[in-house]
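Subject: Structure for your review

Dear colleague,

Please find the structure below, followed by an account of what was found in it. I would be grateful if you could read the text with the model open beside you.

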2 protein chains.
Amino acid sequence: MATRPRKTPSKPQAFPHPHHDHSRCTANALRTAETVCEKHGARLTEIRRRVLEAVWASHAPIGAYDILAELNTDGGKIAPMAVYRALDFLMEHGLVHRLASLNAFIGCALASERHTAHFLICRSCKSATEMDGTAVTRAVKKTLSEHGFVPENEIIEIQGLCAHCHKESA
Amino acid sequence: MATRPRKTPSKPQAFPHPHHDHSRCTANALRTAETVCEKHGARLTEIRRRVLEAVWASHAPIGAYDILAELNTDGGKIAPMAVYRALDFLMEHGLVHRLASLNAFIGCALASERHTAHFLICRSCKSATEMDGTAVTRAVKKTLSEHGFVPENEIIEIQGLCAHCHKESA
DNA sequence: ATGATTAATGTTATAACGTAACATAAATAA
DNA sequence: TTATTTATGTTACGTTATAACATTAATCAT
């Protein structure tokens, strides 16, 4: 008998330790991307992969034009359109999220599971991480039903200090 | 014995009926703005008032450059800076909110009470309204404490269909 | 394989959103 | 009335994002 599929992301994401081995995050993300694309019958082309790598260069959200600069460090002349197109692709497939409050993009650590992304954004170290949105989504649903509002997309971005930075500043 | 001050906005805001008497909303907003500014020792100058009026021209969020166009319909040459400065002022005093997901601004119907704004945004009629964020904020707080994250600002914007538009489309 | 079709990328130009920096004018305080 | 602060004017530019059309590369059907 198969186990019941879970409705929520497997683990609440923690803010990464400042000195963690980030190469593993990136490697994981790329492997996941390959899997996801294969499953979706989508092509992870050169430029899409490079954009994803740039996004995963850190846990801080990165702007489209910073990604562009990264891609062109070798003197290339990739245009903004190319980056935005790659980002659109990556978002469609759940590999990247956009943070509306920062006009910036961040890699999704839970790309293989469908979910609504809720973010915690640290104003000190600039990193951002997905929070477990289960309780919040429940609260939103409840409130919405009182309004008769039918939700389609939740944008939830909490800005503040992550545990590491808060400890530092104490 | 005085009644205990309420922590939450007095009433949950409903989506305005499509055919409501909007002139009253605007009039209320302007009166409130005067009161608030007086209380804060701030000046509601000509341009600030005109920007506020433009914002209150409807319940749909409006972009800064649309406000600008509105102000210049008479052939004036007000510059973008002036609009952004007025918007900054109005936001500081809680008279206007910014919707990060739309790069747009909307009048605050609860300007006299301090609160965090949570929005419902209808993709059909384009109007937006503040929801009662009490339950959501509670859920956010709870989740955050598990992360050790210290919140400073909550951006919550739910996109979907308001009750009126949902009924229409049914 | 070959041509038809779709998908992806290249290229140019421009729209939309937002701010820096410095000059001027208007209100308030001394 | 002069000094000071507050608000606005003005110019220029930075940043973010997309439209429109051309070209190239992959996939499909025969």
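In this predicted model, Arg123(A) and Glu152(B) form a salt bridge, with their closest N and O atoms 2.8 Å apart. The term salt bridge here requires a side-chain nitrogen of Lys or Arg within 4 Å of a carboxyl oxygen of Asp or Glu. Side chains of opposite charge can pair when their charged atoms come close. Two salt bridges are found across the interface of chain A and chain B, and the count over all chains is four.

A word on conventions is needed here. Residues are numbered from 1 along each chain as its sequence is written, and chains are lettered from A and ligands numbered from 1 in the order in which they are written. Because the model is predicted, local features need pLDDT of at least 70 and side-chain atom pairs count only at pLDDT 80 or more, while totals for chains, interfaces and linings use all residues; side-chain values use heavy atoms, with hydrogens and water left out.

How many residues does each chain bring to the contact? Chain A gives 36 residues and chain B gives 36 residues, where contact means heavy atoms within 4.5 Å. About 3,000 Å² is buried between the two chains, 65% of it on carbon and sulfur atoms; buried area is the accessible area (1.4 Å probe) that two parts lose on being put together, summed over both. His147(A), Phe149(A) and Ile155(A) supply 21% of the area that chain A buries against chain B, more than any other three residues.

Ten residue pairs, both members at pLDDT 80 or more, are in polar contact between the chains. A polar contact is a pair of N or O atoms within 3.5 Å; within protein, one must be able to donate a hydrogen and the other to accept it, and residues adjacent in sequence count only if both atoms are side-chain atoms. On the side of chain A that touches chain B, strand S3 (118-122), helix H5 (134-147), strand S5 (150-161) and helix H6 (163-169) each supply at least two residues. S5(A) gives the most, with twelve residues. Helices (H or I, at least four residues) and strands (E, at least two) are DSSP runs, numbered from the N terminus.

Which strand of chain B pairs with S5(A)? The partner is strand S5 (residues 150-161) of chain B, in the antiparallel sense over eleven bridges; two strands pair if DSSP finds at least two bridges between them. Along this pairing, Val150(A) stands opposite Leu161(B), Ile158(A) has Glu154(B) as its bridge partner, and Ile156(A) is bridged to Ile156(B). Within chain A, S3(A) and S5(A) pair in the parallel sense over five bridges, and Phe119(A) has Glu157(A) as its bridge partner.

Gln159(B), in strand S5 of chain B, has a side chain joined to that of Ser101(B) by a polar contact of 3.3 Å. Not counting residues up to four places away in sequence, Gln159(B) touches residues including Phe149(A), Ile155(A) and Leu102(B).

Finally, how are the two chains related? A rotation of 179 degrees with 0.0 Å of shift along its axis superposes chain A on chain B, with an RMSD of 0.1 Å, by least squares on the C-alpha atoms of residues with pLDDT of at least 70 in both. That is the relation of a two-fold axis. In chain A, the C-alpha nearest the axis is that of Ile156(A), 2.3 Å from it.

Yours sincerely
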